[in-house]
Amino acid sequence: MVKKPDIRNKLTEALESKELDYDEVIRLAHSLALEDTANVRFSVDASHIDRLGRELVAKQETAVAELVKNAYDADATSAQLVFKDCESPGGSLEIRDDGHGMNRDELVSGFMRLSTRQKVENPISKKYRRTRAGRKGIGRFATQRLGKRLVLLTQTQGAKRALRLLIDWEMFKDHEDLHTVTGTVTEIDLFRVGPGTTLCIEDLRESWTDEQIKRTFRYISELLQPFPLSKRHSTTSGVPAQDPGFKAVFQKSVDGDLHTVADESSTIFEHAVAIIEGHVDASGFGHWSVESKRYEIESNSGPIGAVKEKPNQPFEHIKNIHLKAYYFVEDRYEGLPWNLRSTIRQTLSDHGGIRLYRNGFRVPPYGGPDDDWLRLNWSYRRRQILPQHTNNNFLGFIEVVDPNGELFEETSSREGLLENQAYQELVYFAYQVILAGVLRVSEERGVKTHSSTRTKERNIKEATDGLAEKVERLSVAGNAANREQTEQIAEEIRSLGEQQETEERERLEELAMMRVLAGMGLSIGEFTHEIRFLTGALQLDLTALTAQPKKGRVAERFKSNLSTLTTYAKYFDQTVANNVHREILPIEIRDAVGHFRQSMDSWLHRKNVRVSTSFEGYGLFTRPMHPSEWAAIFLNLCTNAVKAIERAEVSGRILISGGVKDQSVFIEFSDNGDGIPEEHAERIFEPFFTTTQPTGPDGGINSELIGTGLGLKIVRDIVRNYDGDIELTTPPEGYSTCFRIIIPKATDEEIPHDAY
């Protein structure tokens, strides 16, 4: 053991050396302090850094998010993340921002100092007055969590040189004192134009898939308000600075080229049918506006008042409120690639709603997957306002500027706000803005807006009544003869209007019935083919039984075939009967699938196809439908699946699964056939598009009917008639094709009391 005088002498020599060895000075000083018998001091094992990194930042997505938030806190307008060779561990990640950067003092006292109170003492950023988002002191541990080495480059505005910090996280090992592990800081030439910081995280500990990258982007997008709606200014150096907002771009470097994996422009916003905005100014006056490139609506706007009947009346409690929402309508996805349509639906399903941001930060749970705080789902279920306006039709947010908490108070649990008068006014204002925008877009689309109104295409009755009234007003000024004649003309106009309305109603009913019958036509073709097959087999068995009455196996086969024929007949009779009565009622999916399986079991067994089912939850009732429509849906999907299985020459498997998502029932129909080629995925719902080969001269009319390419078109028409949809989606493991059907679920009032 080195004696105390020796340590003092060595420390003196080290301090007097012309080339000071700082590491040696620190080591000797620490050793000397250990000789102090009167006092003891805490020391930190270097491995503590590794444990902190893994405990404070559990997930790699969270680690990246913390680093992006640090860029936001540094008043950056953008953060560019570049992943390289990240498909497996060992790659690299660069995070480049254009924030204010760090000088040497800030680097040493901020980044290199644990548990600093810098963000506590300075909760607002210097330039754009942002409330800081990063967790205190987590950034450095995030870099350690992600990779084994960190190279940090940073420079400030007007600096002549930049700083380069190198930290090897692998040096932080057990039994090493934390203060003895060093990072290297050197001055280098400026590496960019203007201030900013670049983090180069090398030798990544884990792989990064595109899906993980996209998930991290979504997480950041939800946490940080994407851009300010208000005109907030700071007065740094006496010069007003408007916050331009903050955006993150996630890219991958492939052979030297950068490919964007996720950013705002590559997301689904550009596919919205309209952008709806609302604003309450400093005096409490509310306004709404809507823009739509698709429908050529340019900043159509109007007032929103505290009372519906008084749109110009100012709000009493809320001020400086901004709302922005991207509006999506399901049937407007036509023409988009099917995988993009699926992405849009999934994103809206997972993230749809209007989120609330207070002073730039998300306030949970508002706008979450199951949070209907603006009562949009409730409003749509009432069916008084008919255009789609559920949470899943919007991606949007509300900005509340309330730095001192004067308008809104948090609950004691910090989850949500107290529902005071300001909160109630905010909910009312947001709902009215959304509704105003939706109705304006729907008016331009020519769709029915209220349960008591008619669309542009169906208002002839109103027009004829209006003409009749005009004719009657003209007759008042004429003589008695003219008056009698004009009254007769007015009556004829009204009669024509009523006749047209009756014919229109009958035409729509006939169209719906034709769709059902078209589906039934395919059912008839398939059943007729099967019955013809069984009839021939029964005739042969009957002949054999007559000739050799003691053949027991033949008799059993005859009995089995006859039973199958009887099952088909019953299924067909019931389906036709349902159509004749034309009664619609909520359909329990389990029952519909069970009935279908029972009817098709024998045929599927002969085709060597095994069917399994999986359902989540109970009471999976659709809105009222024709029972025969589900027969047509399942039959079309089943026959298509069997053809695909036969082409693939595999032992067939079909999986039918279902459950409830938000206000809809979903059914997924999967098979392990030869799949649908990507080039055909866009066209499979087009009428007369088919991949079935011609049947030849002996195929018969029924075989031609099955292969006309009408099946999926009819299925989609049936589903969309009930405000649902069908789409190709990612199949479960072990399957090659999956169709997902989404149908609004029945309300409690629609389900019979004895249905359960």
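## Overall make-up

The protein's secondary structure amounts to 18 helices and 22 strands. The model is predicted. Of the 756 residues, 44% are buried.

## Helix H11

H11 covers residues 421-445, 25 residues in total. From first C-alpha to last it reaches 36 Å, close to the 36 Å expected at 1.5 Å a residue. In H11, 19 of the 25 residues are buried, so the helix is largely enclosed by the rest of the structure.

Both ends have local detail. At the start, a side-chain oxygen of Asn 420 comes to within 3.2 Å of the backbone nitrogen of Ala 422. Just after the helix, Gly 446 has a positive phi of about 80°.

## Positive phi outside glycine

Glu 296 is not a glycine, yet its phi is positive, about 55°. Glu 296 sits in the loop between strands E12 (286-292) and E13 (297-304). Its relative accessible area is 70%, so Glu 296 counts as exposed, the cut-off being over 50%.

Asn 320 also has a positive phi, near 55°, and is a residue other than glycine. The loop holding Asn 320 runs between E13 and strand E14 (321-327). Asn 320 is partly exposed, at 33% relative accessible area.

## A cis peptide bond

Pro 364 and Pro 365 are joined by a cis peptide bond, with omega of about 5°. Pro 365 lies in the loop between strand E16 (361-362) and helix H10 (376-382).

Methods: Residues are numbered from 1 along each chain as its sequence is written. Side-chain values use heavy atoms; hydrogens and water are left out. Helices (H or I, at least four residues) and strands (E, at least two) are DSSP runs, numbered from the N terminus. The expected span of a helix is 1.5 Å times one less than its number of residues. Buried means under 20% relative accessible area, exposed over 50%, partly exposed in between (1.4 Å probe, protein chains only). A polar contact is a pair of N or O atoms within 3.5 Å; within protein, one must be able to donate a hydrogen and the other to accept it, and residues adjacent in sequence count only if both atoms are side-chain atoms.
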